[in-house]
Amino acid sequence: MAIPVMLRSLRHHNYRLWATADFVSITGTWMQVLAMNWLILSITHSATSVGLGLVLQALPTMLLGPWGGVIADRLPARYVVASGQIAQAALSTVLAVIAAGDPSGTGGLYAISLASGMVTAMTSPALGRFGAEVVGPEDLSNGLALGSVLSSGGRILGMSLAGVIIPLAGVPGAFAANAVSFLGVLVAIGLMRTKELHVLPPAKPGERGIVAGFRYVLGNPRLLIMFGLAFALGSLGRNYQVTMAAMSQGPLHGGAGGYGALSVLFAVGTVLGGVYAASRARLPIRLLVITATICSVGQLLSGGAPNLALFGAAMLPIAAGAVVLDTTVATRVQLDSPGHLRGRVIAAQGMVGAASGAVGGPALGALCDTLGPRTALVLAGTVCLAVALAAGYGFARVRRSRPGTAAATAPAPALAAAEA
């Protein structure tokens with residue numbers, strides 16, 4: 001039986017195992033996120049304290065990401081991924097023990113958050129590299145898109161299960177369930193067919209350091225433009241958990257119920273975006289620029305939405321576009337970079353994402369507080385639109401000048417046709 005184009009990655013035995021394990025793991029992760037936030041809030045009664053825990057998880061990626069990229073390019077990806085899963089399972093188990101002791105302070109919880117962030121920083125590039133080895137270059141974009149759908153579904157399911165498990169088994173039960181979920185990834189890796197893995201070449205001596213990775217990224221105009229676009233839209237155009245709350249509480253008068261409804265619509269939009277990306281045979285740079293422009297215009301117009309229903313309607317295409325944009329960037333980063341540098345380029349992408357989240361949330365919050373949420377959306381949307389148009393112009397110039405560029409800054413010849 002022929003497999004639909006949208007599901008073509010599932011024809012691979014290894015990807016089927018990986019997708020199943022990834023869904024289970026993401027579900028467990030979001031159970032823990034909700035449980036951790038609830039536990040910190042119940043101890044401190046401070047939303048700022050909850051935000052500090054999130055910062056502690058993101059900070060290591062910005063600081064240690066390059067070393068994670070070096071590890072990914074030097075060591076077999078599957079073993080680095082397995083080691084990371086074991087470490088995260090151990091940390092979740094420690095969290096369950098701490099929570100069972102009815103803690104009165106947050107020191108231990110923050111320490112675990114920081115340690116978890118460090119493990120993520122050191123193993124995420126290998127995780128991205130291993131994903132490419134599981135599905136291969138031909139179906140990579142589809143595998144990443146289906147991964148976005150699974151991520152959205154796991155997030156919704158994980159938060160829903162947390163709402164059931166916490167009242168029944170307490171916060172320690174949610175942490176313990178997440179610890180068990182990591183075992184699914186280990187089992188999947190163990191059951192994979194080694195001969196069907198598309199193993200990427202490791203870095204050679206002289207190409208293994210952090211400097212080699214930075215040299216490649218800084219010498220590649222396409223990557224720099226892409227990362228700049230991702231940073232702008234990831235910071236000012238992505239942090240809708242801030243602006244949705246501000247709009248619902250303020251000019252739209254939706255309250256907590258309205259914010260919840262908007263969050264559900266946003267989640268639905270991310271699923272739709274993943275489905276659209278998975279249905280496409282290719283995810284070219286042109287799609288990236290078009291999607292960024294549409295999202296920016298949508299954000300600009302959403303600031304003038306007269307009621308909750310129209311604002312929610314604007315969230316659907318914006319959320320869908322955000323997933324298409326993320327998937328396209330991840331695909332181009334993977335396909336347009338050489339295998340022996342792949343981990344370090346993925347690490348750079350992770351650093352950009354972490355930085356955009358750390359900068360964007362406070363920036364949009366400050367704009368909402370000082371100028372009002374409507375003005376904040378219009379202003380941020382205008383900036384994002386300008387960046388999107390500038391990126392389109394930059395990509396066009398790089399493409400016109402490609403015949404004269406150095407080989408090191410151009411994508412692999414075998415992949416050049418995939419980017420048009």
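Predicted model: local features only at pLDDT ≥ 70, side-chain atom pairs only at ≥ 80, totals over all residues.
1. Cys384 is buried, at a relative accessible area of 1% (buried means under 20%, exposed over 50%, partly exposed in between, with a 1.4 Å probe and protein chains only). The cysteine sulfur closest to that of Cys384 belongs to Cys295, 9.2 Å away and too far for a bond. Cys368 is likewise buried, at 8%, and its sulfur lies 13 Å from the closest cysteine sulfur, in Cys384, again too far for a bond. The count of disulfides (cysteine sulfur atoms within 2.5 Å) is zero.

2. Residues are numbered from 1 along each chain as its sequence is written, and side-chain values use heavy atoms, without hydrogens and water.

3. There is one aromatic pair (ring centres of Phe, Tyr and Trp, the last by its six-membered ring, within 6.5 Å; planes under 30 degrees apart are stacked, over 60 edge-to-face, the rest tilted). Trp18 is buried at 11% relative accessible area, and Phe130 is buried at 0%.

4. The charged end of Arg78 sits over the ring of Tyr79, 6.0 Å from the ring centre (the rule asks for NZ of Lys or CZ of Arg within 6 Å of the centre and within 35 degrees of the ring normal).
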